[in-house]
Amino acid sequence: MSAACRAPQPANRSRSRRASGRRGRAALLAAGAAVAALTLSACGSGGTSGGGGNTNFIAGSDGIATAKKADRKPLPELDGETLDGKQLNLSKAYKGKILVINVWGSWCAPCRAEAPNFVKVAAETKPKGVEFVGINTRDPELGPAIAFEKEHKVTYPSLHDPAGKLMLRFPQGTMNPNFIPSTLVVDREGRIAARSQQPLNEEKLRKMIDPVLAEK
């Protein structure tokens, strides 16, 4: 898989060229860090952590990070308008359910590759109390995102988040889905149990869900 494709980041090259000395370099580094913290990465194969702070997760060699029950952080309040124009609040709509959240964009080739796996697993695990929801991001217009869902026969809803603002709601110390695609599995108590920051095949997706399903 290729290296992560970073989303465009604002920069002022002429100012950076004029910057000199220790104060100039320090200011440039501080500005770059701030921009990086607020910018989603696109088409990425994953990172080590997100949201800053101590996430207390266990990073697996398969790219899946998991958190023990005692170390899990609650999912932040995620709500907004779906691609079909309805209002959706995840904590209210899926209370007591296992929730799989997939961050995707219609322009993202890895997202297109993994979509059939999500559609299949969503249908097969729904009777077991597992719900799926998408967060569509970096799609300024609804048309391409809606066409993506129709092409892949996606039946579950997706929040439309063109600017990536929902990702900024994750506080420090949480497993932030800051790459595209990213996937979270949220337990029945509304806490983040697992995260992947790479496209998932059916086997890996089930590997994220099954341990949470088995919990009592």
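1. In this predicted model, strands β7 (residues 98-104) and β11 (residues 182-186) run antiparallel and are joined by five bridges. Within this pairing, Ile 101 stands opposite Leu 184 of β11. Helix α5 (residues 142-152) packs on the sheet, where it touches β7, β8 (130-137) and β9, and its direction makes about 125° with that of β7.

2. The two strands belong to an open sheet of seven strands with mixed pairing, in the order β3-β4-β12-β11-β7-β8-β9. The edges are formed by β3 (58-59) and β9 (158-161); each has a single partner strand, so one side of each lacks a neighbour in the sheet.

3. A polar atom of the Ser 182 side chain lies 2.5 Å from the backbone oxygen of Phe 179. Leaving aside residues up to four places away in sequence, Ser 182 touches Ile 101, Asn 102, Val 103, Pro 177, Ser 196 and Gln 197.

4. Side chains of opposite charge can pair when their charged atoms come close. The structure holds 10 salt bridges. One of them joins Asp 62 to Lys 207, with the closest N and O atoms 2.6 Å apart. Asp 62 lies in the loop between β3 and β4 (64-66) and Lys 207 in helix α6 (residues 202-214), so the pair ties together parts that are 145 residues apart in sequence. Asp 62 counts as buried because its relative accessibility is 17%, under the 20% limit.

5. A salt bridge also joins Arg 169 to Asp 79, the closest N and O atoms being 2.6 Å apart. This pair links distant parts of the chain, 90 residues apart: Arg 169 is in the loop between β9 and β10 (179-180), and Asp 79 is in strand β5 (residues 79-81). Both residues are partly exposed, Arg 169 at 38% relative accessibility and Asp 79 at 32%.

6. Arg 191 and Glu 189 form a salt bridge in which the closest N and O atoms are 3.7 Å apart. Arg 191 is buried, at 17% relative accessible area, whereas Glu 189 is exposed, at 59%. Through salt bridges that share partners, Arg 72, Asp 187, Glu 189, Arg 191 and Glu 215 are joined into one network.

7. Finally, the chain as a whole. Its secondary structure comes to six helices and 12 strands, and 46% of its 216 residues count as buried. Of the contacts with a separation of 6 or more, 74% are between residues 24 or more positions apart. The accessible surface comes to about 11,500 Å², and carbon and sulfur atoms account for 54% of it.

Key:
Residues numbered from 1 in each chain as written. Predicted model: local features only at pLDDT ≥ 70, side-chain atom pairs only at ≥ 80, totals over all residues. Heavy atoms only, no water. Pairing = 2+ DSSP bridges. Helix = DSSP H or I, 4+ residues; strand = E, 2+ residues; numbered from the N terminus. Contact = heavy atoms within 4.5 Å. Axes fitted to C-alpha atoms, helices over the stretch in contact; angles between N-to-C directions. Polar contact = N/O pair within 3.5 Å; in protein donor to acceptor, adjacent residues only side chain to side chain. Buried < 20%, exposed > 50% of the residue type's maximum accessible area, 1.4 Å probe, protein only. Areas by Shrake-Rupley, 256 points an atom, 1.4 Å probe, with all protein chains shown as cover. Salt bridge = Lys/Arg side-chain N within 4 Å of Asp/Glu carboxyl O.
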